[in-house]
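Have the structure open and follow along.

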Amino acid sequence: MAEYLASIFGTEKDKVNCSFYFKIGACRHGDRCSRLHNKPTFSQTIVLLNLYRNPQNTAQTADGSHCHVSDVEVQEHYDNFFEEVFTELQEKYGEIEEMNVCDNLGDHLVGNVYVKFRREEDAERAVVELNNRWFNGQAVHAELSPVTDFRESCCRQYEMGECTRGGFCNFMHLRPISRDLRRQLYGRGPRRRSPPRPHTGHRPRERNRRRSPDHRHGRF
């Protein structure tokens with residue numbers, strides 16, 4: 001019996017433990033879920049809940065009407081956000097193996113940032129220090145997450161552009177960063193920030209991303 005229970009733990013056959021929480025680290029039913037959410041006491045992965053705000057979903061004019069934001073502007077805004085969060089966390093807490101940001105619209109997934117550190121100790125310290133800090137005018141809520149294999153938690157139909165559930169899908173819709181930024185961030189250990197360059201009126205082409213006011217004031 002013990003072997004059978006272990007074999008079905010976190011699967012749809014498990015009538016006690018929530019399979020969605022086990023795979024995704026979130027559940028649309030929240031505390032009202034009829035199954036247990038077994039929060040880990042140690043993990044390489046942390047989740048920063050509802051941290052990313054897609055400007056296409058939040059941009060409004062002064063009269064409250066919706067303001068159009070182009071896909072190019074959204075990608076620029078997202079790359080700036082991703083770079084700042086990744087760099088800050090890696091410099092302060094330790095090497096990051098993988099970071100993913102949800103582009104879902106459901107309350108339990110919208111804007112969630114999952115950060116998988118190389119060491120569990122770094123993840124634990126990050127959670128302790130990040131809670132009750134602020135980013136872009138909102139309090140940071142960080143917790144350890146059971147997610148370690150994002151292949152099991154992401155929506156494969158979304159990756160192929162075929163998800164029919166849209167932003168309210170219960171599996172992660174992971175927004176990709178640009179190729180240049182991926183090459184820049186990954187494959188490196190913790191690094192120190194380079195000193196600012198003298199202003200010459202020109203920027204290197206690959207760094208010519210216009211930073212939004214939210215980005216400049218987004219420090220943890």
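Ile46 lies in strand β1; helices (H or I, at least four residues) and strands (E, at least two) are DSSP runs, numbered from the N terminus. With a relative accessible area of 0%, Ile46 is buried. For the burial labels here, buried means under 20% relative accessible area, exposed means over 50%, and partly exposed is in between, with a 1.4 Å probe and protein chains only.

What does Ile46 touch once its neighbours within four places in sequence are left aside? The list is Val113, Tyr114, Val115, Phe117, Ala123, Ala126, Val127, Leu130, Glu143, Leu144 and Ser145, where contact means heavy atoms within 4.5 Å. Take Val115: Ile46 and Val115 are 69 residues apart in sequence, yet their C-alpha atoms are 5.3 Å apart in space.

## A note on the model

This is a predicted model, in which local features need pLDDT of at least 70 and side-chain atom pairs count only at pLDDT 80 or more, while totals for chains, interfaces and linings use all residues. Residues are numbered from 1 along each chain as its sequence is written, and side-chain values use heavy atoms, with hydrogens and water left out.

On to the pairing, where two strands pair if DSSP finds at least two bridges between them. β1 runs antiparallel to strand β3 (residues 113–117), and four bridges join the two. Thr45 sits opposite Lys116 in β3, and Leu48 faces Val113 of that strand. Four bridges also tie β1 to strand β6 (residues 142–145), again antiparallel. There, Ala142 is the bridge partner of Leu48.

## The whole sheet

Which order do the strands take in the open sheet of four? Reading across, it goes β2-β3-β1-β6, with antiparallel pairing. β2 (96–101) and β6 are the edge strands, each pairing on one side only. Direction ignored, neighbouring strands of this sheet are turned by 25° against each other on average.

Helix α4 lies across β1, β2 and β3, and runs at about 145° to β2. The axes behind such angles are lines fitted to C-alpha atoms, for helices over the stretch in contact, and the angles run from 0 to 180 degrees between N-to-C directions.

## Where α4 meets α5

Two packed helices are described by the angle between their axes and the distance between the axes. For α4 (residues 71–93) and α5 (residues 120–130), the axes come within 10 Å and cross at roughly 110°. That is why α4 counts as roughly perpendicular to α5; the scheme takes angles under 35 degrees as roughly parallel, over 145 as roughly antiparallel, 65 to 115 as roughly perpendicular and the rest as oblique.

Which residues make the contact? Leu89, Lys92 and Tyr93 from α4 meet Asp122, Arg125, Ala126, Glu129 and Leu130 from α5. By class, the contact of α4 with α5 has four nonpolar, no polar and four charged residues. In that sorting, Ala, Val, Leu, Ile, Met, Phe, Trp, Tyr, Cys and Pro count as nonpolar, Asp, Glu, Lys and Arg as charged, and the others, Gly among them, as polar.

## Loops with positive phi

Asn50 has a positive phi, near 55°, in a residue other than glycine. Asn50 lies in the loop between β1 and α3 (55–58) and counts as partly exposed at 32% relative accessibility.

Asn136 also has a positive phi, near 50°. Its loop runs between β4 (134–135) and β5 (138–139), and Asn136 is partly exposed at 26% relative accessibility.

## Glu152, and the chain overall

Glu152 lies in helix α6 (residues 150–153) and is partly exposed, at 42% relative accessibility. Neighbours within four places aside, Glu152 is in contact with Lys23 and Phe171.

Zooming out, the protein chain has nine helices and six strands. Buried residues make up 41% of its 220 residues. Of the contacts in the protein chain with a separation of 6 or more, 65% are between residues 24 or more positions apart.
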